[in-house]
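Good morning, and thank you for making time for this presentation. I would ask you to keep the sequence and the model in view while I speak.

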Amino acid sequence: MGPTAHLVDLQGRSPVGYTSRVTTHEDTPGGAAGDEADAPMSRRRAPRPPSFVHVTQLSHLIAEARSYSQGVARADLVDSLSMGRNAVDRRLRTAVEMGLLVPAGRGMSTGGRAPEMWRFNPDAATMLALAVSYRQSTAALMSIGGEVLERVTWEAGLIDDPAAVVTTAIDHLTALRGSRPDLPAPWGLGASLPTPVDFRDGSIVPPVAGAGSGPSWTGYPARTRLAEALQMSVWVDDEVNMMALAAASRVGAPKDLLYVRVSLGLGMGIVSSGQVHRGAGAASGEIAHIQMSGAGGAACRCGRRGCLETVVSGGAMEDAATTPQVLKTSSYLREVMSEKDTIRDIDVFRGVAQGDRVCVRIATEAADRLAVVLAVVTTTYNPGEVVLGGDVTASGQLFGQVVSQALRRRVLPSTSERLRIRMGHPDDALIGACRLAADRLLSPHVMHVWLAQGSPVGVAELVTHRRQDA
């Protein structure tokens, strides 16, 4: 449903234009603003922008409805939002007119008439999402509810030149934006990068001292470049934070969880009380550079030796899988090497899924080492869930089972008994990027900027705003 569609309000009045409804002050004495539509022309007042209080209440109502996948009753909204029934009715009417909430039938009766239910409409708008990984990137057109509608994947990522990657991304995102003329125009873009991001302004910060020998993304204005080229609002964050947000948005997810990404590199996202925890310097969850016992071991990209990432990461598994002895004992890895002239972490994980004994051994050893660090983190933080995602999802369930068994041996029963370990979804980065952009666009401060226009599409202030945490 587009922002200029004509809609009927909840009381069945004649159709009215959406813009005229939400730009009229709704809290005037004598009833809702819609009542003025029935007044004589001489008594009508010019529409006024909605107050910030109204927008805040509307934003909170929509957020509450999003947390109930099966729908929520008006009475429950009154209780949970601490708003009067009339205020809830008016905010609910606005949300329905916008297409963001739709009827969800009737709930269970508690003695009287079964209550009407309302749920968030995942098809009310579309979003663009960009997931840049280490070696490849994916651009997608998604519903605001997080469903991938169209996607394009290409071989380029963080180890490549940032200007080239972003330029290609803009081309693909532009094509995706026009690929479905039957759907509403995208409201905004969420972009994930597998490197620390200062969430205040979306700038890319140095991951670790002396990191990497390839092209540096540090300081590259990816967010500004995307926003200017696409003329839409853009939110950028660390890939593993996006993945953690996706996990936290699942129905039934605990309020406190850890997301461990095992791809070419290693990273961890932290969700506390339902919110992504980013830390004081965009470096929360940097378990990759915890030094293991002693100062020896392989050299790490941070310039030190013996970091966890040198033994638990896709890169470490690639090194282990390409030794002459390993290639001699695994027909699967020899075949991969013969076909591709290289072995990547995803090949090792696929070998695990196929039951190759050598790949299983490599992954099992890495999972056991990872459990040593997770035992400390889970004992300290006591999360309800640990999610393992990234390229490791191609291995099936085995990696998660090994981590679970090794971790539970190292922690107290009180920590283990309520802890669930599960594998993530391959699209968690895209889903999280979409969720982040949708959350921000539906937040009170941002919503107040675009509500009078009917949608965020084409609102110049959203393209140029510097702070993305407002």
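Predicted model: local features only at pLDDT ≥ 70, side-chain atom pairs only at ≥ 80, totals over all residues.

Residues are numbered from 1 along each chain as its sequence is written, and side-chain values use heavy atoms, with hydrogens and water left out.

To the answer, then. Buried here means under 20% relative accessible area, exposed means over 50%, and partly exposed lies in between, with a 1.4 Å probe and protein chains only. Helices (H or I, at least four residues) and strands (E, at least two) are DSSP runs, numbered from the N terminus. Strand 6 points T126, L128, L130 and V132 one way, and M127, A129 and A131 the other way; all are buried.

Let us turn to the partners of strand 6. Two strands are said to pair if DSSP finds at least two bridges between them. With strand 7, the pairing of strand 6 is antiparallel and runs over 7 bridges. Within that pairing, M127 has M142 of strand 7 as its bridge partner. These two strands form a hairpin, with 4 residues between them. With strand 9, strand 6 pairs in the parallel sense over 5 bridges, and there A131 stands opposite S192.

The sheet as a whole is open and has 5 strands in the order 8-7-6-9-12, with mixed pairing. Its edge strands, each pairing on one side only, are strand 8 (148–154) and strand 12 (233–238). From one strand to the next, the twist averages 15°; angles run from 0 to 180 degrees between N-to-C directions, and axes are lines fitted to C-alpha atoms, for helices over the stretch in contact. Strand 8 pairs with strand 7 (residues 137–143) in the antiparallel sense over 6 bridges, and S137 has W154 of strand 8 as its bridge partner.

Which helices lie across strand 6, strand 9 and strand 12? Helix 6 does, running at about 155° to strand 12. Helix 7 does as well, running at about 100° to strand 12.

Helix 7 (residues 239–248) contains N241, which counts as buried at 7% relative accessibility. The side chain of N241 makes a polar contact of 3.4 Å with that of D237. A polar contact is a pair of N or O atoms within 3.5 Å; within protein, one must be able to donate a hydrogen and the other to accept it, and residues adjacent in sequence count only if both atoms are side-chain atoms. Setting aside neighbours within four places in sequence, N241 is in contact with G269, V276 and R278, where contact means heavy atoms within 4.5 Å.

Helix 6 also meets another helix. The axes of helix 5 (residues 162–177) and helix 6 (residues 222–230) come within 10 Å and cross at roughly 35°. On the helix 5 side, the contact is made by V166, T167, I170, L173, T174 and R177, and on the helix 6 side by A222, R225, L226, A229 and L230.

Strand 4 pairs with strand 5 (residues 116–120) over 4 bridges, and V102 has R119 of strand 5 as its bridge partner.

I close with two loop residues. Most residues other than glycine have a negative phi. S82, in the loop between helix 3 (74–81) and helix 4 (85–97), has a positive phi near 55° and is exposed, with a relative accessible area of 69%. D341 has a positive phi near 65°, lies in the loop between helix 10 (331–340) and helix 11 (345–354), and counts as exposed at 65% relative accessibility.
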